[in-house]
Structure formats: C-alpha cells, structure tokens
Amino acid sequence: ISSFIRQKAISLFEKTLPPTSSSLLLGIVFGIKESMSEDFTESLRVSGVFHVVAASGMNVTMVGGFLSSIFGFFLKRQIAILASVIGIAFYAVLAGLDAPIVRASIMGILVFTGQLIGRQTLGVLGLFLSGFAMLFFSPSLIFDVGFQLSFLATFGLLYIRPILEQKGNIKKYLEKSIVGEGVVTTIAAQAGALPILVSNFGAYSLWSIVVNGLVLWTIPTLMVVGGVAALFGIILPELGQLILYVSLPFLLYFEKVIMFFGKAGGVMALENIPWQFIVGYYCLLGALIVYFGRRTKAM
C-alpha cells in the first residue's frame with residue numbers, strides 16, 4: 001500500500017507543483033530525493049537541513065519532538081502527546097516503513113507513550129527499553145549510524161529540551177513563538193547527536209540551528225498536507241491537486257530560506273574525530289544535564 005501511494009504521489013506532485021517545490025515535498029513526506037536538483041540538494045546540505053528530506057531516524061525523532069511542541073500550543077498535554085504518536089506512525093507509513101524509520105518510530109512511540117501516562121521517567125525507560133530490545137535481537141545495530149542518531153537525538157529531547165524550556169528568557173520566548181519551539185527542538189536533538197553527526201558526515205553547518213528554527217515549524221504542516229493530498233489524490237486527482245495548493249506558500253518560504261543560507265557558506269569540515277573526544281563530549285554533556293537539571297528542579 002505504501003509503495004502504491006508513493007508512486008501515485010510522485011505523479012500527482014510533479015503534475016501539480018513546480019519542479020523544486022514538488023521534489024522538496026516528495027522528500028519531506030516520502031524521503032524521495034531522486035527528482036531533486038543538485039543545486040537545491042547542495043543548499044540543503046550547506047544550510048544544515050538535509051535531514052528533513054532524508055527520511056532518517058533522526059528526522060522521525062525531530063518531527064515527533066516538534067509535533068509534541070506544536071500540539072501543546074492548542075491541546076491538553078496528554079492529547080498533544082497522543083497526536084504526536086499518531087503523527088509518528090503516519091510519517092513511518094508514508095516514508096515506506098524502511099528499517100531505520102521503523103526502529104526510530106518504535107523508539108519515539110514508546111517514549112511519548114511513557115510521557116502520555118504522565119511520568120517523565122517512563123519516557124526515559126521507554127527509550128532505553130526499546131534500545132535494549134533492538135540491540136538484543138540485532139547487536140550489530142550498535143554500529144548503525146541511523147540507530148545511533150535516533151537514540152541520541154531522542155535522548156536530547158528527553159533530557160536537554162526540558163532544561164532549555166525552563167530557562168527564564170527562553171521560556172518567555174517559547175510562550176509567544178512557534179518558531180522558538182523549532183529552535184529548541186533542534187538544539188536539543190543536535191546536542192544529543194552532534195559527535196555522531198560530525199564524525200560520520202565529516203561536516204557541520206554553522207547555520208544549522210538558525211535555519212532549522214526558521215523552517216522546521218513548516219514540516220508538520222507540509223507532511224499532513226502532502227500525506228492527505230496523496231491519499232485523496234488516489235481516489236480523486238483533482239481534489240488531491242486542490243489540497244496540494246495549500247502547501248505552496250510553505251514550500252516557497254522553505255525554498256527561499258534554504259537558497260539564502262545555501263549561498264552563505266559556513267560549513268565546518270571535520271574529519272577523523274578521535275573517540276576520546278566523543279567520550280569526553282558525552283561526559284561533559286551528562287554533567288551539564290545533571291547540574292542544570294537539579295537547578296531547574298530547585299527553582
């Protein structure tokens with residue numbers, strides 16, 4: 001079913017939207033990048049948001065984290081988390097149920113389910129329990145980059161985002177800004193996975209946090225619009241096209257931001273990072289989490 005929807009969506013999107021917009025939406029919703037131009041692909045990499053079209057485990061984590069934040073503006077906490085769980089499952093199906101997507105989705109759903117029950121510790125338990133179960137059945141996953149990224153990005157959302165959200169000025173900004181949620185989600189996820197990102201891809205965009213904050217808030221809307229258009233387009237192509245037009249303003253905004261920062265440079269190339277640095281980074285990160293976590297509870 002997923003493959004059938006994907007093929008129909010490719011035809012519908014390419015027929016309805018301009019080439020760049022079509023390839024971008026296909027990448028966001030399905031992780032399909034074949035029709036994307038080299039220039040735009042490079043701009044995505046330089047600006048640090050290539051993950052949004054990669055359908056990767058980290059993307060699932062960030063989408064889930066942002067959905068929980070955005071739904072929290074309009075819904076009660078438990079309903080917002082439940083909607084986030086449904087959003088993760090919906091994204092996994094649209095992305096083709098590839099192994100990295102399924103693993104990250106299971107991990108994310110367990111974490112959010114734990115939070116839905118009402119205890120942060122259950123979310124943490126869900127993360128480590130899912131990680132243990134996956135490694136028990138497939139120990140080689142410990143060396144899989146997708147597994148590492150999804151686990152550590154989820155770890156960042158669980159431990160780092162709550163600390164950032166409780167800081168005085170940041171908290172005031174978040175209460176007034178949807179974009180701020182994208183920034184905090186990005187910082188938390190990337191802080192958790194930074195050494196793995198840099199050591200495996202050999203580069204890191206200095207604009208990544210800024211650009212993610214500017215565009216990440218559009219991703220849930222584009223996912224929903226693109227997914228609904230693809231589903232309705234199977235039955236009635238004209239209705240699918242009409243729904244797709246709703247995505248155009250968001251896509252054009254996304255493209256303008258990416259093209260601007262894509263020309264700004266700022267890619268930091270790092271190769272052969274020693275394992276001692278990675279271990280030291282996580283020791284320091286753990287110490288900071290404990291320190292600021294205690295201060296937050298004391299306030």
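Reader: How far apart are Phe155 and Tyr159 in helix α8?
Author: Four residues, so about one helical turn separates them. Helices here are DSSP runs of H or I with at least four residues, numbered from the N terminus. This is a predicted model; local features need pLDDT of at least 70, and side-chain atom pairs count only at 80 or more. Side-chain values use heavy atoms, without hydrogens and water.

Reader: Is Phe155 buried or exposed?
Author: Phe155 is buried, at 19% relative accessible area. Tyr159 is partly exposed, at 27%. Buried means under 20%, exposed over 50%, partly exposed in between (1.4 Å probe, protein chains only).

Reader: How many aromatic pairs in the whole structure?
Author: Eight. Phe147 and Phe151 form a stacked one, 6.1 Å centre to centre with 25° between the planes. Rings of Phe, Tyr and Trp (its six-membered ring) pair if their centres lie within 6.5 Å; planes under 30 degrees apart are stacked, over 60 edge-to-face, the rest tilted.

Reader: Where do Phe147 and Phe151 lie?
Author: Both are in α8, four residues apart. With Phe128 they form one aromatic cluster.

Reader: Switching to α2. How many of its twelve residues are buried?
Author: Ten, so α2 is largely enclosed by the rest of the structure. Among them are Leu24, Leu25 and Leu26.

Reader: What comes just after α2?
Author: Gly31, with a positive phi of about 75°.

Methods: Residues numbered from 1 in each chain as written. Helix = DSSP H or I, 4+ residues; strand = E, 2+ residues; numbered from the N terminus.
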